[in-house]
Amino acid sequence: MSMHAEAPALIGTSGDSLREAFGKALSSLADEFKNVVVLDADIAGGTGVHHFRKSHPERFLQFGIAEQNMMAAAGGLAAVGLQPIVTTFAVFCLRAVEQARLSLAYTRRNAKIVASHPGLDVGPDGGSAQALEDLAAFRAIPGMTVISPADPVEMALATRAILEFDGPVYMRTGRSPAKRVFGDDHTFEIGKGNIVRDGKDVTIVACGVEVARAIEAASILAESGIIARVVNMATIKPIDTALLKRCAKETGAIVTAEDHNVHGGLGGAVAEALAQTRPCPIEFIGVKDVFGASGEPEELATAFGIDARAIAEAAKKVISRKKKS
Amino acid sequence: MAITLRSIQGDGDKAPLKPARDIETEIATAARFVRQHVIASIYRATSGHPGGSLSCADLLAALFGAEMNVWPNAINDPSRDRFVLSKGHAAPALYAIGAHHGFCDKTESLALRKLNSRFQGHPHIGDLPWVETSTGSLGQGFSVALGMAMGLKLQKSSARVYTLLGDGELQEGEIWEGAMCAAHHKLDNFCAIVDYNKLQSDARNDAIMRLEPLAAKWRAFDWAVAEIDGHSIPQILSTFRRVGATRERPSVIIAHTIKGKGVPYMENIPAWHGSVKLTREQAEEALQALGATHKEIKDYLDVDAR
């Protein structure tokens, strides 16, 4: 009979994921932002805040597996002058939406919700764990800023930005290893999108993991002579209407791409903004109002039609609509 | 023997000590004002929750009149005690005790539930900073208060945090998440008061969702538990003093109360949980029962509150 002295290897707690980038950035910013306290519901290893727990244990607050109490308690912590960062998985943020609404947003608290494991990017845990509704739910709350950065570089910048920002914020990180999109010279400002690849025939507006796929889609399109612009729209609310108008004017057609239900998230925000300012044909890439399933993130992206090829197809379709109109 | 305010407003250390009986009389007077103001504002609003506002009047009067370090000229003082009305539908009672102590205007606060009034159907910090947070969704005020207590302790503040819970509110799962959390974090600066009037929106607690054995539940969650008559001002005051000395554990005071207390035709009748519309006759009868004079009744019901 043999004894295994070594603990089992943890899966998915390391690597170049957005949650790791967030956790490391938060830990390194903690001495500068002295009022920051981190709230955890027993998944620090999953959300990346185990780095903060190690570096600043006295400011790490354990709430156990009880997200409703944690979310509302953040309102109380903010009320006495602290800057609470509520951390859990995106799907568990959904169970505390009403607490975020009343005790963080209606009260205009300087509290941040940072949600890891959004969308199909969750992978093998399956449909129950894949939040595809969080951007829509939090976007519908008055005064809530909603952010979904694209890569580890942007995540670190966004972490600083939300700490400097006074007000409630919902920010997505990500579970899986993320592709690098930006160089070290990237800048991030809440409420501003940026053009990551220029083009004239169509604009792909993406957020989160879909930005890397949008860039890949632009390369696919280039093979057939279509020059696509790619916009990283990391802030879903408030949406950068000025940039959207410019893209509509200059390219005449838009594809939105998000790891989220096609209803109510980035696509909804873009359509709302353009319908009122500069209408143009829009195609929506996202999960088509169904729940997710188990699988690896890239497999799921293909199966649910949010991979680079799907984005490229949507771009061709929207360009054809442009020509008709 | 004299009991003293733990600290007095403004130039506190120069204020004279008051005999216990004087303080009890003041609190009784405040509670009577609260009940009258509640009836008047709900009558004028043509909706609102009278039953649960009347049942907690003595508790609120004791908190604001003696137990808490709060004063209207220092609502941002970090060292102040905090009060959160977790049973936010008793807003008329909170507005009334606030008006009695100068946190808001006695006449303006009669404009309950009106368009452009700061006195919404449930308290909102965006309108009234002294209410400490916005409530009205049961269970949340308790968690917010818990977060305040946790944050104050982290900052080594000596301020205490009080929250008033409804009994029906205890059916919210969030309450028991918070109960476990407050005990785990040994929040001995945190005191919850249950306005245990036994009735909720549709019927008796027992008929909707049984709460008993209630004290045993809180004890099992490792809280210090006191059970009192929530209309006995001496008992309320002595219990606050006692639980204030609790260390390493949060405290809960289960205050047995009568829903609609002070208005005979409302007492113990679930229908008055509201939101109800009071007729002129009902409002007058209630105010009379609460000791208002003819002139006071007319002022309450007819003064221009806008």
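The expected span of a helix is 1.5 Å times one less than its number of residues. Keep that rule in hand for this predicted model.

Take helix α4 of chain A, residues 67-79. It has 13 residues. From first C-alpha to last, α4(A) reaches 19 Å, close to the expected 18 Å. How many residues of α4(A) are buried? The count is 13 of 13, so the helix is mostly covered; a residue is called buried when 20 or more other C-beta atoms lie within 10 Å of its own. After α4(A) comes Gly81(A). Its phi is positive, near 95°.

Now step back to chain A as a whole. The domain assignment gives domain 1 as 18-172 and domain 2 as 194-324. Taken over C-alpha atoms, the centres of these two domains of chain A are 26 Å apart. Domain 1 puts 24 residues into the contact, and domain 2 puts in 30. On the domain 1 side, the elements giving two or more residues are α7 (134-139), β5 (145-147) and α8 (152-164) of chain A. By class, that side has 12 nonpolar, 7 polar and 5 charged residues.

Next, look at where the two chains meet. Here 23 residues of chain B are in contact with 23 residues of chain A. Which elements of chain B give two or more residues to the side that touches chain A? They are α5 (140-154) and α6 (173-184) of chain B. The largest share comes from α5(B), with 10 residues. By class, this side of chain B has 10 nonpolar, 10 polar and 3 charged residues.

Terms used:
Residues numbered from 1 in each chain as written. Chains lettered and ligands numbered in written order. Predicted model: local features only at pLDDT ≥ 70, side-chain atom pairs only at ≥ 80, totals over all residues. Contact = placed C-beta atoms within 7 Å. Helix = DSSP H or I, 4+ residues; strand = E, 2+ residues; numbered from the N terminus. Nonpolar A, V, L, I, M, F, W, Y, C, P; charged D, E, K, R; others polar. Buried ≥ 20, exposed ≤ 12 C-beta atoms within 10 Å, placed from the backbone. Domains from an automatic or database assignment.
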